[in-house]
Amino acid sequence: MQRIFSGIQPSGIPTLGNYLGAIRNWVPLQADHDCIYCVVDLHAITQWQEPSLLARQTRELAASLMACGIDPVRQILFLQSLVPEHAELAWIFNCVARLGWLNRMTQFKDKAGKDRENASAGLYVYPNLMAADILAYHATRVPVGDDQRQHLELANDIAQKFNHDFGADFFPAIEPLILGPAARVMSLRDGTKKMSKSDTSDQSRINLNDSADAIAQKIRRARTDPEPLPGEPAGLEGRPEARNLVGIYAALADTDEAGVLGRHGGKGFAAFKEDLAGLLIATIGPIAAETARLLADPAHVDGVLRGGAERAKRIAGPIVAEAKRLVGFLAA
Ligand code: AMP
Ligand code: TRP
C-alpha cells in the first residue's frame, strides 16, 4: 500500500480553501492508503503566532480534521512538534538544499512581502522542513492544494540530491496529488488572491466554523462583476471572481465548470449566490457542529494528537536514524 502524508498549519481556523483544496481529498484516500496527517505547528511559527492562541488553534484544527472525516484510529493524525525527527531531518535537508533553489520559491516571496529582510530564517527554509515531513515516512503521495506544487518539486530535488550525495537509493520520489475543480480557492474579496486563514479580512474567506448566517452573508457580499454567468467555461476568461465561485460550486456539487454553467449559465449572480450559499451551509454546517462536539472534550483531542505522535515516531525514528547513518553520524 502506498503511504500518504499531508500537513496543515494551525495558524488560524481552517478555511473553505483548505477544505476543498486539501482536507476533502484526504478523506477518501483513507480507504486504500496508509495515511499520515499532521498538524504542522513548526511550520506555523515561521510567522508570528500568539502562544496562547497557537495551542487553542492546534486543538481546534485537530477537532476540525476529525469532523471532516479523518479517522485517527485506522490512520495517523498527530502534532508535528511532538516528533523531533521532523526538525532533525529538516536540519540535514538545510545542508542538502541549495540557496538558489530556495530563492525561487514564490510562497516565500508572497509571505515575506516587501519587508524581506525582516522575514524569519524559518520562513526561508520552510520547504526543507516540509520535505522532511514527507520523507521521514518514505511517503510517496502527497495530497495538497495547487499552491504547494513548487514545494513538492523542491522536496523531490532534495530527495534526489541526498540520494546522489550519499550514494544510496534511500528517499523515494514523491507524487503530488492536486485534485478537483477547487485546488486553488481564491479570496471572496479579490479573485486574484488566494483564500487564506491569515488574511486580515474575515470577509475574504469562509471558515469551517462559520454559522449559516455568516456563510450566507459572506457569499452575498462576495465580489463579482455585473455580467450574468456565461454558458460555458471559456466565458469565465478574465473574470476571476466568477470563476472562483463557479469552481467552489463545482467542487461542492461534485461536477466541473461546464457542469455548473450548463445548469446556471445565463443566471444573474444574486440567484446563483443563493444556491451556492445553500450548498455551502449543507456541507459546512455539520462539520462545524461536529467540531464543537469534539471540542467539548479537549483532553480527548489532545490525546489523539499525542497517541498519533507515538505511532508516527515508530515509523520516522528508524528512517531518520538511517539517514543520519548515511550522512556519517556516529550511531546513538
Ligand atoms: P495551509 O493552510 O497553508 O497549512 O494549507 C493546508 C493545505 O490546504 C495545503 O494542502 C494547501 O495547498 C491547501 N490550501 C490552502 N489554501 C488553499 C486555497 N485557497 N485553495 C486551495 N487549497 C488551499
Ligand atoms: N506547507 C503546507 C501548506 O502550507 C503544509 C505542509 C507542511 C505540508 N508539511 C507538509 C503539506 C507536508 C504536505 C506535506 O500548505
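A polar contact here is a pair of N or O atoms within 3.5 Å. The model is a predicted one.

1. Ligand 1, backbone contact. A nitrogen atom of ligand 1 lies 2.9 Å from a polar backbone atom of Met195. This is the contact for which the cut-off above is needed.

2. Ligand 1, side-chain contacts. Two residues can be listed under this heading. The side chain of Asn18 has an N or O atom 2.9 Å from an oxygen atom of ligand 1. For Lys197, an N or O atom of the side chain is 2.3 Å from an oxygen atom of ligand 1.

3. Which residues come nearest to ligand 1? There are 18 residues around ligand 1, and the nearest are Gln9, Gly145, Asp147, Val185 and Lys197.

4. Ligand 2, surroundings. Ligand 2 is surrounded by 13 residues, of which Gln9, Tyr126, Met130, Asp133 and Gln148 are the closest.

5. Ligand 2, polar contacts. The side chain of Tyr126 places an N or O atom 2.6 Å from a nitrogen atom of ligand 2. Asp133 has a polar side-chain atom 2.6 Å from a nitrogen atom of ligand 2. For Gln148, a polar side-chain atom is 3.1 Å from a nitrogen atom of ligand 2.

6. Helices α1 and α10. Helix α1 spans residues 16-29 and helix α10 spans residues 240-252; their axes are 11 Å apart and the packing angle is about 45 degrees. The two helices, α1 and α10, are therefore oblique to each other. Their crossing is left-handed. From α1 the contact uses Leu16, Leu20 and Arg24, and from α10 it uses Ile248, Ala251 and Leu252. By class, the contact of α1 with α10 has 5 nonpolar residues, no polar ones and 1 charged.

7. Helices α10 and α12. Helix α12 covers residues 269-295; the axes of α10 and α12 come within 10 Å and cross at roughly 40 degrees. That angle makes α10 oblique to α12. The crossing of α10 past α12 is left-handed. On the α10 side the residues are Ala242, Leu245, Val246, Ile248, Tyr249 and Leu252, and they meet Phe269, Phe272, Lys273, Asp275, Leu276, Leu279, Leu280 and Thr283 of α12. The contact of α10 with α12 divides into 11 nonpolar, 1 polar and 2 charged residues. Ile248 and Leu252 are listed in the contact with α1 and in the one with α12.

8. Helices α4 and α13. Are α4 and α13 roughly parallel or oblique? Helix α4 (residues 85-94) packs on helix α13 (residues 298-327) at about 25 degrees, and their axes are 10 Å apart. This makes α4 roughly parallel to α13. The crossing of α4 and α13 is left-handed. Glu85, Glu88, Leu89 and Ile92 of α4 make the contact with Lys313, Ala316, Gly317, Val320, Ala323, Lys324 and Val327 of α13. The contact of α4 with α13 counts 6 nonpolar, 1 polar and 4 charged residues.

Note on methods:
Residues are numbered from 1 along each chain as its sequence is written. Chains are lettered from A and ligands numbered from 1 in the order in which they are written. This is a predicted model: local features need pLDDT of at least 70, side-chain atom pairs count only at pLDDT 80 or more; totals for chains, interfaces and linings use all residues. Side-chain values use heavy atoms; hydrogens and water are left out. Axes are lines fitted to C-alpha atoms, for helices over the stretch in contact, and angles run from 0 to 180 degrees between N-to-C directions. Helices (H or I, at least four residues) and strands (E, at least two) are DSSP runs, numbered from the N terminus. Angles under 35 degrees count as roughly parallel, over 145 as roughly antiparallel, 65 to 115 as roughly perpendicular and the rest as oblique. A crossing is left-handed if the near helix is turned anticlockwise from the far one by less than a right angle, and right-handed if clockwise. Contact means heavy atoms within 4.5 Å. Ala, Val, Leu, Ile, Met, Phe, Trp, Tyr, Cys and Pro count as nonpolar, Asp, Glu, Lys and Arg as charged, and the others, Gly among them, as polar. A residue is near a molecule or strand if one of its heavy atoms lies within 4 Å of it. A polar contact is a pair of N or O atoms within 3.5 Å; within protein, one must be able to donate a hydrogen and the other to accept it, and residues adjacent in sequence count only if both atoms are side-chain atoms.
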